Amino acid sequence: MPVRADGLPTAAGNGDTDGSGDAGDPAPPPGLVVLGHFDQTPGYGVSRPYGSASWLFTWTTAGRGRLWQGGARTSAGAGDLVVLAPGVPHGYAVEQGARHWRFWWAHCQARPSWAAWLRPYDAGDGLYAVTSAPAGVHGRVETAFRRMHADARWTGTEAPPGAAPPDGQVAVAHGSAARELALCALEEIVLLTTAGSRPTEPRPGLDARIRRAQELIDADPGAPHTVRSLAGGVALSPSRFAHLFSRQVGQSPMRALREARLRHAARLLESTDLPAERVAAASGFASPFHFNRAFRERYGAPPGAYRTRHGEPPA
C-alpha cells in the first residue's frame, strides 16, 4: 500500500533535525513491515528519545548519513547496512558536510535467526554496523530492497506491483503474505551483507592461490573438499598445494577445512532449529558421532548445550 512520506509521519518523517533529542518521531507499531527509499538533503534528521518498538534497517546507496543509538555512533556510506535494535533512544541524519543521503530503510520485527548473523557487527547499545559487505553483493542487495518494496505493496491478487518506487514513497505490508514476502527479501539482505563472521584483512604476503583456497573453503565448508579438489581449484599440484598451504597458513588444508566446518555448524546451531544430525550433514560431517566429539572438543560443549547457550533470539 503506497503512501507518501508526509502521509505517514510515524514511518520516517522529519523529527528533531539537529539530533538534540528535543523532538521525537514515533516509529511504526512492531507488527508492521514499513519501508521506503529516501534521498535527503542537509537538515534532515530524526530523533527518537524513547527508541522504537521495531527494528530499523538502513542501507545507504549514495551520500552519507550518521546514526546513533544510546552511546554508539556510526557513519554510513554507500554499501553500508546499519541496524538499530528496539528499545534504545536513537536518531539519524544527513552527515555533516555531506551533500545528501540516499538510503533504503525498513521497520519490522527481526527474525530470530538474524541475531547470530548480526552479532559480529555489534557496535554497542543494539547498533549493528555492517560496513564491509562485499562490493559484489551490492547490486543484489539493491534488487532485494526493490523486490521487498514491491512485495510489501502486494494485495494478494494479480501480480505484485512494479519494483521501482519513487523517492519518498513508503510501503506498508498489511497482509500476512505481503509481510512474509517482504521479510524474506530482508532476510536475504541481512544474509548477503553479514555472511560469515566479521571479515579480517588478508594476511600480508599470503599467496593469492592460498587465499583463493581459503575462500573456496569458507564459501561452502560443507562441500566434499579434498586436497586434490582444492589444489585443482587454484591450479596447483596436490603436493605443492598442501606444502604451500601448511607453510603459509600454519595448518594443513584438511585441518583448516575441519575448523571451517565447525564454525559453520556453530552458526547453524545459533541461527536455526535444525536437528544436530542435519547440522552435522550440512557442515560436511558424515558421522554424527564424529561431529559431536569434534564439536565438544572445539567449543567445550556438545551441540545441544551450545545451542541452548548461544541460540537466543534478538532481545
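Two strands pair if DSSP finds at least two bridges between them. With that in hand, here are some close-ups of this predicted model.

**View 1. Strand 11 and its partners.** Strand 10 (residues 122-124) pairs with strand 11 in the antiparallel sense over 2 bridges, and Asp122 stands opposite Tyr128 in strand 11. Strand 7 (residues 81-84) also pairs with strand 11 in the antiparallel sense, over 4 bridges; here Val83 stands opposite Tyr128. Strand 11 (residues 127-130) is covered on both faces, with Leu127 and Ala129 buried on one side and Tyr128 and Val130 buried on the other. Look too at the hairpin of strand 10 and strand 11: there are 2 residues between the strands, and Asp125 takes a positive phi near 60°.

**View 2. Gly97, in the loop between strand 8 and strand 9.** This loop is where you will find Gly97. Gly97 counts as exposed because its relative accessibility is 77%, and exposed means over 50%. Gly97 and Arg64 are 33 residues apart in sequence, yet their C-alpha atoms are 9.0 Å apart in space.

**View 3. The largest nonpolar core and a second, separate one.** Nonpolar side chains tend to be buried together in soluble globular proteins. The largest nonpolar core here has 35 residues, of which Val33, Leu35, Trp55, Phe57, Trp114 and Met148 touch the most other members. Helix 4 (residues 176-194) gives the most to this core, with 8 residues. A second, separate core has 20 residues, including Val34, Tyr44, Ala72 and Val170. For a closer look at Val33, find its contacts beyond four places away in sequence, among them His107, Cys108, Met148, Arg179 and Leu183.

View 4. Ser113 is found in the loop that runs between strand 9 (101-108) and helix 2 (114-118). Ser113 is buried because its relative accessible area is 15%, and buried means under 20%. Leaving aside residues up to four places away in sequence, Ser113 touches Glu187 and Ser271.

Notes. Residues are numbered from 1 along each chain as its sequence is written. This is a predicted model: local features need pLDDT of at least 70, side-chain atom pairs count only at pLDDT 80 or more; totals for chains, interfaces and linings use all residues. Side-chain values use heavy atoms; hydrogens and water are left out. Buried means under 20% relative accessible area, exposed over 50%, partly exposed in between (1.4 Å probe, protein chains only). Contact means heavy atoms within 4.5 Å. A nonpolar core is a set of buried Ala, Val, Leu, Ile, Met, Phe, Trp, Tyr and Cys residues joined through side-chain atoms within 4.5 Å.
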